[in-house]
Amino acid sequence: MNASQPSDEQSRTWDTDRTSPPSRYPEFDQAASAAYRRPFGESVEAPDYIHKAAEVAPDHWIAMVDPAWQGEGPPPSWSLVGRWRSGPDGTIQEWQENTEYRPSPAARGWPDPTDPVDAAIQLASTGYGTAEEVHRSLAAAEVSFWVAADGTPLTGAAPDGTPVLPVHSSTAQLQGEGQLLSEVSSVADLLLQLPEGHRLFVNPSGAVSLLVETEPLRKAVDVHLAAADTGSDAAPDLPGMDAAVTGAAPEA
């Protein structure tokens with residue numbers, strides 16, 4: 001699930017003047033979505049902040065970085081939507097495609113995350129986050145799950161036939177599945193009730209659903225509880241964390 005890093009040659013290729021919007025903005029989402037969905041080779045209209053950048057940087061390539069990338073140093077090539085060329089007069093003259101671009105959740109048109117767990121899943125599924133971040137968020141979370149009349153958690157099967165206990169990371173995710181009897185529990189406590197051979201299936205009807213390996217999640221929970229006991233806010237390393245991400249948002 002980790003995003004691969006570009007080669008030195010790729011980094012040099014895209015080592016141009018660049019600009020980013022002030023973080024999750026409709027202008028960027030519109031431009032990035034247009035770049036992602038339009039036919040290959042078709043020009044993309046530059047948002048206003050790119051035009052303003054061109055005015056102060058004439059005769060330059062100006063790359064648009066997906067704000068979902070929050071790393072340090074030069075952005076990897078896969079985080080760049082594309083770039084525009086500004087002319088000598090400071091106006092946009094040309095658009096250049098980046099065939100390595102990995103669209104973020106916003107660029108794909110997915111709905112805004114309903115909660116930190118959903119946010120971590122969306123980022124990991126698109127290469128902008130990691131499985132470790134997903135497990136950390138789950139380990140600290142409370143989730144909703146359906147129950148029978150006697151309070152027993154209702155189980156089912158994932159699309160691949162894996163026995164699962166469906167859980168929902170927010171009220172919005174739960175309500176999207178209809179009105180059924182449900183309860184709320186911490187993931188730590190729910191794992192104690194998980195039937196043998198079953199796995200948690202997070203947000204079955206969400207933009208992206210997650211089928212979680214049980215043992216790595218138990219390790220993440222143990223780390224979270226240990227940190228809570230010591231009062232530590234540190235996020236320790238969680239080796240060997242793997243998660244299967246399934247599903248996708250419908251095309252807009």
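Student: What makes Arg85 count as partly exposed in this predicted model?

Tutor: Its relative accessibility is 24%. Buried means under 20% and exposed means over 50%, so Arg85 falls in between and is called partly exposed.

Student: How do you know that Asp59 and Arg85 form a salt bridge?

Tutor: The N to O distance between their side chains is 2.9 Å. The cut-off is 4 Å between a side-chain nitrogen of Lys or Arg and a carboxyl oxygen of Asp or Glu, so this pair qualifies as a salt bridge. Asp59 sits in the loop between helix 3 (48-56) and strand 2 (61-65), and Arg85 in strand 3 (residues 80-86), so the pair links distant parts of the chain, 26 residues apart. As for Asp59, its relative accessible area is 44%, which makes this residue partly exposed too.

Student: Why can such side chains pair at all?

Tutor: Side chains of opposite charge can pair when their charged atoms come close.

Student: How many salt bridges are there by this rule?

Tutor: The count comes to three. Another one joins the side chains of Glu213 and Arg199, at 3.4 Å from N to O. Glu213 lies in the loop between strand 10 (209-212) and helix 8 (214-230), while Arg199 is in strand 9 (residues 199-202), so the bridge ties together parts that are 14 residues apart in sequence.

Student: Are Glu213 and Arg199 buried or partly exposed?

Tutor: One of each. Glu213 has a relative accessible area of 35% and is partly exposed. Arg199 has 16%, and since the limit for buried is under 20%, Arg199 counts as buried.

Student: What makes Glu215 and Arg218 a salt bridge, and where do they lie?

Tutor: Their closest N and O atoms are 3.3 Å apart, which is within 4 Å, so the pair meets the rule. Both belong to helix 8, three residues apart, so about one helical turn separates them. An α-helix has 3.6 residues a turn, so residues three or four places apart point the same way. Arg218 is partly exposed, with a relative accessible area of 27%.

Student: Why are strand 9 and strand 10 called a pair?

Tutor: Two strands pair if DSSP finds at least two bridges between them. Strand 9 and strand 10 have two bridges, so they pair, and they do so in the antiparallel sense. Val202 stands opposite Leu210 in strand 10. Six residues lie between the strands of this hairpin, where Asn203 takes a positive phi near 50°.

Student: What makes you say that both faces of strand 10 are covered?

Tutor: Ser209 and Leu211 on one side are buried, and so are Leu210 and Val212 on the other.

Student: Which elements do the buried residues of helix 4 pack against?

Tutor: They pack against helix 5 (131-139), helix 6 (171-175), strand 9 and strand 10. The buried residues of helix 4 (residues 116-125) include Val117, Ala120, Ile121 and Ala124. At the start of helix 4, a side-chain oxygen of Asp115 comes to within 2.9 Å of the backbone nitrogen of Val117.

Student: How do you know that Thr126 is buried?

Tutor: Thr126 has 6% relative accessibility; the limit is under 20%, so Thr126 counts as buried. Thr126 lies in the loop between helix 4 and helix 5, and its side chain reaches the backbone oxygen of Leu123 at 3.1 Å. Leaving aside neighbours within four places in sequence, Thr126 has contacts that include Arg102, Pro105 and Trp110.

Student: Why can we say that the buried residues of helix 3 line one face?

Tutor: Tyr49, Ile50, Ala53 and Ala54 are buried in helix 3. Seen down the helix axis, the buried residues fall within an arc of 145°, so they line one face. On the other side, Lys52, Glu55 and Val56 are exposed.

Student: What makes Arg83 and Gln96 a polar contact?

Tutor: Their side chains come to 2.6 Å, and the cut-off for such a pair of N or O atoms is within 3.5 Å, so the contact counts as polar. The two C-alpha atoms are separated by 5.3 Å, although Arg83 and Gln96 are 13 residues apart along the chain. Arg83 is in strand 3 and is buried, with a relative accessible area of 9%.

Methods. Residues are numbered from 1 along each chain as its sequence is written. This is a predicted model: local features need pLDDT of at least 70, side-chain atom pairs count only at pLDDT 80 or more; totals for chains, interfaces and linings use all residues. Side-chain values use heavy atoms; hydrogens and water are left out. Helices (H or I, at least four residues) and strands (E, at least two) are DSSP runs, numbered from the N terminus. Buried means under 20% relative accessible area, exposed over 50%, partly exposed in between (1.4 Å probe, protein chains only). Contact means heavy atoms within 4.5 Å. A polar contact is a pair of N or O atoms within 3.5 Å; within protein, one must be able to donate a hydrogen and the other to accept it, and residues adjacent in sequence count only if both atoms are side-chain atoms. The arc is that of the directions from the helix axis to the C-beta atoms.
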